[in-house]
Amino acid sequence: MIKKVHLRLTLLCTAVTGAIVIAMTLLYLYVSESNMRENHYYAFQNDVNNILNGLQNQSVLSSYYLASLEAGGRYLIFIEDNGSPLLYGNIVENEERMELLNKVKEYYQSSYEIIPGSTVTSLSSYHLEFIYTLPEGKFPMGQDYYACVAYLPAESGSLTAYILAPVSSFYQQLSRQRMLFATINLLALALLYLFFYRFTRHLLQPVVESQKKQNSFIASASHELRTPLSVILSCAALIPESGREKQEQFCHTIRQEGSVMKRLLSEMLSLADFDSRGMELHKEAHELDTLVLNSVETFEPVAKEKNIRLTSTLPDSSLPLCICDKHKIEQLLSILVHNAISYTNEGGSIQVTLKHAKKHFIISVADTGIGISDEDKKRIFERFYRADASHNAKEHFGLGLSIAQTIVKQHHGKLRVTDTEGGGSTFIVELG
Ligand code: ADP
């Protein structure tokens, strides 16, 4: 389940950020290509102007000069001297070149209706640049040409120049750029996927932990409930065939186990309640010393029954009021004092102390009981954890300290445990 959510989140985040990255890249590519196209066309126009100037300034057109213009294959130049083609250098007007020239001428005449050398243009020099697209796949050079048709009046008649520049190499440059951007985008997507995979896993970690805790909570709860329930069921099964005395004994056991279940369920419910809604606190100003005294008084008879000395030490001077939830603090004190009595042997003693220092209230419950090993100190606040599971199993489910911890946390305080000097455990609560 979590794995599926993890994968979906990763894909969703990657898709959203990936789409943004790709959209931005496409926008950049569009702007950059538009600029490149414009610049490339301007460069052609510029070159054409230079070539035409050169042609106009040569009194005699040297074949070397004309051949040099075509060198490098950037331009195809056709010149007609008074209407007849001028051949120069190694240039042979082969069929392919002638076909290309004728097509450009055709296109030019049909599109612009100006015939070089006609009366319209015979008085002055004239040139026109345009982009010519060849019909499908005839010429290996590529389909698009920048073209210029120029009419240059000369002393002995006129020159007509057709200058063509194949755009294929420029298109190759554009497609190389597109490939580069596509590769960068793919790489970015892969990196985004890896990043979001780890990031969402980190985000989901608390959910995974909480699910684990929930599972172990349910497992432990079921385990704890199974014992009293099976006792109840066996007693109930035996009642019909037992004598009166036994029946009463079974009923007593059923009531006892029922109340164990009731207590366990109420502890579980309060923890489940904290988890789902958070603890609802009704904070008011209270005298903490009164709460401590009341709690000690409540447990005095139980302590006496076990021959344990339960005493309290309060400050002599009056204390400021503590803003807290009275019932929760009473619950906290009762968990700590009840535990202290449970885990202290007969003849031991328990000291509950209240101090106020540096704007903090410090309550400590110190017993001379069995103590808690360092290993167990790390785990006793976990739900259902019991240092000695067999000890007092019926009364203790290992939930008390979890509830105590939650109460203290909700009051923005701290709860810790240390050893009592001379043996036993001391639980210390710090409240703001
Ligand atoms: P329980 O209901 O089992 O007491 P708690 O959460 O209150 O559950 O305590 C968890 C475990 O911590 C207990 O099972 C016990 O082993 C240990 N513990 C708690 N308080 C004391 C104490 N005062 N002295 C020794 N051990 C204690």
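How many bridges join strand S4 to strand S5? The count is ten, and the two strands, S4 at residues 144-154 and S5 at residues 157-166, run antiparallel. Strands here are DSSP runs of E with at least two residues, helices are runs of H or I with at least four, and both are numbered from the N terminus. Two strands pair if DSSP finds at least two bridges between them. If you want a spot to look at, Ala147 stands opposite Leu164 in S5.

Before going on, keep in mind that this is a predicted model, where local features need pLDDT of at least 70 and side-chain atom pairs count only at pLDDT 80 or more, while totals for chains, interfaces and linings use all residues. Residues are numbered from 1 along each chain as its sequence is written, and side-chain values use heavy atoms, leaving out hydrogens and water. The pLDDT is the predictor's confidence in each residue, from 0 to 100. For the protein chain its mean is 87, and 91% of the residues reach 70 or more. Confidence is lowest in helix H2 (residues 63-70), with a mean of 73, and highest in S11, at 97. Where pLDDT is low, the predicted coordinates should not be read in detail.

Now back to the strands. S4 and S5 belong to an open sheet of five strands with antiparallel pairing, in the order S2-S1-S5-S4-S3. S2 (84-85) and S3 are the edge strands, each pairing on one side only. Further along, S11 (residues 414-419) and S12 (residues 425-431) pair in the antiparallel sense over six bridges. Lys414 stands opposite Glu430 in S12. This hairpin has five residues between its strands, and Gly422 takes a positive phi near 90° there.

Next, the rings. The structure holds 14 aromatic pairs, meaning rings of Phe, Tyr and Trp (its six-membered ring) with centres within 6.5 Å; planes under 30 degrees apart count as stacked, over 60 as edge-to-face and the rest as tilted. One of them is the stacked pair of Tyr108 and Phe130, at 5.9 Å centre to centre with 20° between the planes. This pair links distant parts of the chain: Tyr108 sits in helix H3 (residues 95-112) and Phe130 in strand S3 (residues 126-133), 22 residues apart. Why does Tyr108 count as buried? Because its relative accessible area is 1%, and buried means under 20%, exposed over 50% and partly exposed in between (1.4 Å probe, protein chains only). Phe130 is buried too, at 3%.

Charged side chains make contacts as well. Side chains of opposite charge can pair when their charged atoms come close. Ten salt bridges turn up in the whole structure, each being a side-chain nitrogen of Lys or Arg within 4 Å of a carboxyl oxygen of Asp or Glu. Asp47 forms one with Arg74, the closest N and O atoms being 3.1 Å apart. Asp47 lies in helix H1 and Arg74 in the loop between H2 and strand S1 (76-81), 27 residues apart. Asp47 is partly exposed at 21%, whereas Arg74 is exposed at 53%. Another salt bridge joins Lys377 and Asp419 (2.7 Å, N to O). Lys377 is in helix H8 (residues 374-377) and Asp419 in strand S11, so the pair ties together parts 42 residues apart in sequence. Lys377 counts as buried at 16%, while Asp419 is partly exposed at 46%.
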